[in-house]
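Trainee: Could we go through this one together? I'd like to know how the labels get decided.

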Amino acid sequence: MSQFTTWVSSHIKGDEKGEAQIFLDRLFKGFGHEGWKEAGATCEERVKSDTGGTSFADLVWKPRVVIEMKKRGANLNKHYSQAFTYWTYLVPNRPRYAVLCNFDEFWVYDFETQMDTPVEKIKLAELPKKYGALNFLFPGEVKPVFGNHHEEVTREAADKLATCFNYMIDRKVERGLAQRFILQILMAFFAEDIGLLDKYLVKRLLDECESPQDSYDIIGGLFEAMNRPEGNQGGRYKGVDYFNGGLFAQPAKIELDTKERILLKEACDFDWSKVRPEIFGTLFEHSLGKKQRHASGAHFTTPVDIMKIVGPTIVEPWRDAIERSKTLTEMQALAHRMQTFTVLDPACGSGNFLFTAYRELKRLEAALYARMAERFPRSVDPKQRSLGFVTTTNFYGMDVNSFAVEIAKVTMMLAHKLSIDELHVSESALPLDNLDRNILHQDALITADGQPTPWPKADVIVGNPPYLGAKNLKRDLPADYVNRVRKAYQSVPKMADLCVYWFYRANEELADCTKADRFKGRAGLVGTQNIRANASRRGGLDYIVESGTLVEAVENQPWSGEAEVNVSIANWVKSKDETLLPTDRRLWFVPRTSSVKKARASRGEGPTHKRYELDMRLVSHISSALSDKTDVSGALTLDCNRNPQRAFQGVTPGYNGFVLRPDAATALLAKEPGAQDLLRSYMIGRELNSTGKSTRYIIDAYGLDLTDLASYPKTLAHLQRAVLPKVQEKVKTERAKASDMVKAREDHLERWWTFWAQRTELRAWLAGRKRVIAASRTQRAPFLFHFVSTDLAHGDKLQLFAFDDDYSFGILQSHPHCLWYDTKGTRLKNEVDVNYSSDEVFATFPWPQSPSKTCVNEVAGAARNLRAVRSATLKGGATLRSVYGTLAMPGKSALKEAHAALDAAVIKAYGFSARKDCLGQLLALNQQVAAMIKACTPVTGPGIPDGYSTPATLVSNDSLG
């Protein structure tokens with residue numbers, strides 16, 4: 001490394017264009033490579049910018065680092081946004097780190113954990129001793145060592161204060177008083193280390209506290225001094241300025257015991273200037289009252305995830321307008337508009353979204369005034385301008401957690417001082433803004449009397465509403481509350497997830513984005529992945545795209561916050577005017593390639609960071625399903641697919657006591673041979689796609705009453721022991737919750753020896769038939785369908801189709817139906833598995849309308865051949881899934897050819913073009929069939945067409961089980 005620094009001093013003048021590549025080549029040689037090219041890096045790599053243009057990154061070495069060079073002497077702080085933009089769009093295999101360099105200094109960024117400050121700054125002369133921060137440049141996997149990594153400092157600081165708070169609560173200090181004390185001492189710690197209080201003042205005061213009485217007087221006295229509008233002219237608190245009548249309006253005075261004083265002294269020793277307010281609040285809040293979980297183990301929402309909303313909704317529209325402004329009048333108009341620009345987070349929690357939005361808007365304001373000073377030097381002096389144009393009072397929030405609201409206020413108060421320091425402008429940070437009217441403790445959905453809660457008016461809305469699935473609403477929330485929410489928002493389907501109400505309401509509250517004001521009418525929210533499917537989509541994104549346009553979205557990703565969920569993110573503009581919208585929309589998704597998995601595994605994320613990587617594609621349209629595929633969300637339910645019912649879920653036993661392992665079934669039969677009448681082989685979805693054989697039995701007493709069961713005393717005794725208590729317990733539970741399920745549970749108690757869901761209609765169809773089409777209700781592509789025996793009991797994890805003919809099997813197993821399934825089904829959190837929905841998939845899927853007899857025969861023949869090929873391959877312990885894994889491999893196979901023949905026969909039966917978009921053709925046919933039904937014109941529904949003269953010839957006899 002010494003040779004490198006000596007060479008630079010002797011040969012490099014610092015010309016960005018002429019010397020960057022040779023500088024970087026020598027740098028790579030210093031870290032043990034033959035050069036950057038030999039290491040696999042590229043220079044001048046094209047990167048699509050967020051304004052639609054193309055830029056060129058100086059060096060990209062995936063998945064390690066992106067390096068951006070600037071001329072010698074350049075202020076690297078001004079180029080932070082460029083480094084972040086490059087890093088954001090260098091996907092897939094995004095580099096883990098970013099480096100800004102001006103030949104004399106290296107600023108190293110780890111954007112996944114620390115957005116706004118480098119994790120290390122290294123001067124060229126220091127490189128031989130401090131190269132550890134650039135360890136990722138070595139061959140192999142050498143973990144970097146950073147000296148300015150704020151995350152761990154923040155975790156430890158949050159843990160100290162949370163533990164102190166928990167001690168206070170344990171000894172019965174009134175909770176509200178303890179909360180005020182912790183927030184006030186938190187502000188004092190920050191103030192001491194960011195220049196709002198004299199250095200070491202708080203530390204000195206804590207050292208003076210030798211007894212509980214001392215802490216009551218001395219620390220309580222400090223809080224009183226910070227609340228004195230006239231300031232403090234003398235005494236122990238001389239020079240302490242007035243802070244804010246909101247935070248310190250009620251100075252918290254507590255007699256601290258010994259262990260609490262020790263914790264606060266330890267906390268005071270941290271450098272609080274390195275504690276990140278945007279993550280502190282969440283870590284701190286989630287550690288309160290948790291005896292066995294400390295802040296060091298809690299997840300927080302990473303700033304980079306927050307920027308997936310703040311970026312498209314706030315930063316990019318403003319940055320684009322600033323970069324396009326040319327005249328002084330245009331720039332002054334932007335400055336005036338920025339002063340009135342408002343942001344709302346209606347589920348603000350500890351304020352991390354608001355903090356990030358404020359910080360980014362302050363940076364944009366600084367960039368605007370810098371542009372004015374550069375283009376029109378006489379118009380503004382950036383060194384003298386006040387920072388007061390955009391203030392924290394431009395930002396609004398609300399949350400149902402009262403303490404989180406108070407933390408959010410403190411977070412935003414600190415944001416003001418931190419912006420002053422970052423942007424190097426002179427302005428007094430005191431007194432702090434009073435945000436009591438901006439950040440409110442209230443339910444964002446309904447008032448006490450059940451009316452929609454009034455929201456503060458804002459230009460844009462951002463945030464992360466609570467994750468709670470529709471099925472769990474009444475489990476986790478009071479039933480009366482859920483009923484009142486649903487009554488207040490009747491346009492949102494009852495089966496929508498809780499977050500959908502925020503999506504619906506946000507769109508209601510937004511004004512239209514117009515040419516006269518391009519900055520309003522924008523929103524970005526995080527939601528459950530269900531927002532793009534079924535009832536949740538209908539209540540939220542379907543409604544949003546009626547009046548607006550999705551401009552950027554994350555299809556699906558693991559969330560960085562504490563909740564172990566996968567989420568989707570939607571950013572939209574309330575306008576259909578293409579002149580107000582980006583030409584290219586950005587759609588982010590988790591790629592599923594082995595190369596990406598390998599890249600992820602080689603990266604050095606800490607244990608608290610979830611490992612995933614997003615890729616991005618530019619698209620012309622994003623549908624309410626958060627997809628750029630043909631939007632089939634408007635597909636209509638077809639009556640011919642529902643009457644008669646053809647798609648069923650298998651039986652739902654409801655209680656494990658019905659199910660027997662083979663040894664238990666054998667034991668029962670040994671005691672009671674007649675129980676053979678009640679025992680049936682029981683198949684579930686996992687078995688269907690593996691061996692095709694059931695491994696358990698189930699007691700099926702369908703159609704019998706207790707008198708009938710008296711003939712099977714051993715079986716009845718088993719059910720009475722293993723099932724009845726569970727049924728009774730379920731009734732008690734539902735009664736205690738006063739839930740909607742009470743009546744259903746009571747009805748089941750009257751027939752407790754039978755399944756919870758018996759599927760009466762399905763049983764009627766199965767009677768007299770030998771086979772039925774089945775598929776696992778949850779699958780991943782390729783999707784598999786089978787004929788199974790009607791002698792089986794089919795579990796509720798099976799999707800059953802009431803057909804026994806080869807033509808219908810061929811249609812369901814073909815590419816058109818599987819594509820419809822893949823698009824209309826509900827994806828699970830892993831983004832790979834898809835749930836089949838009778839309502840969304842089968843009820844909307846159009847069947848061929850006028851297939852000839854020849855076409856029907858060809859489909860049936862191809863279906864039979866496909867099943868024959870499958871059977872022939874299941875040898876030597878192979879499973880269907882392992883056999884189908886070969887489809888992704890290059891080369892010919894009988895299975896590939898059989899599927900191709902079936903798909904060709906089905907496409908021919910539809911009369912589709914193999915060269916055109918299959919989804920588009922299916923959607924058009926769906927609309928056509930729906931119109932024909934409405935006009936009372938005959939249509940062809942599922943199954944063998946009515947005009948086919950010999951349907952019995954299409955029923956063969958092979959099946960599983």
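Trainee: What makes the contact between the side chains of Asp806 and Arg771 a salt bridge?

Mentor: Keep in mind that this is a predicted model. The N to O distance for Asp806 and Arg771 is 3.1 Å, and the cut-off is within 4 Å, so the pair counts as a salt bridge. Asp806 sits in helix 30 and Arg771 in strand 20, 35 residues apart.

Trainee: Which residues join Arg771 and Asp806 in one network?

Mentor: Arg864, Arg867 and Asp958 do, through salt bridges that share partners.

Trainee: Why is Arg363 called buried?

Mentor: Its relative accessible area is 12%, and buried means under 20%, so Arg363 gets that label.

Trainee: What does Arg363 form a salt bridge with, and how far apart are the closest N and O atoms?

Mentor: With Glu422, and those atoms are 2.7 Å apart. Glu422 lies in helix 15 and Arg363 in helix 14, so the pair ties together parts 59 residues apart in sequence.

Trainee: How do you know that strand 18 and strand 23 pair?

Mentor: Two bridges join them, and pairing needs at least two, so they pair. The two strands run parallel. Tyr682, for instance, has Ala793 in strand 23 as its bridge partner.

Trainee: Why is strand 23 called an edge strand?

Mentor: The open sheet has the order 17-19-18-23. Strand 23 pairs on one side only, as does strand 17, the other edge strand.

Key:
Residues numbered from 1 in each chain as written. Predicted model: local features only at pLDDT ≥ 70, side-chain atom pairs only at ≥ 80, totals over all residues. Heavy atoms only, no water. Helix = DSSP H or I, 4+ residues; strand = E, 2+ residues; numbered from the N terminus. Buried < 20%, exposed > 50% of the residue type's maximum accessible area, 1.4 Å probe, protein only.
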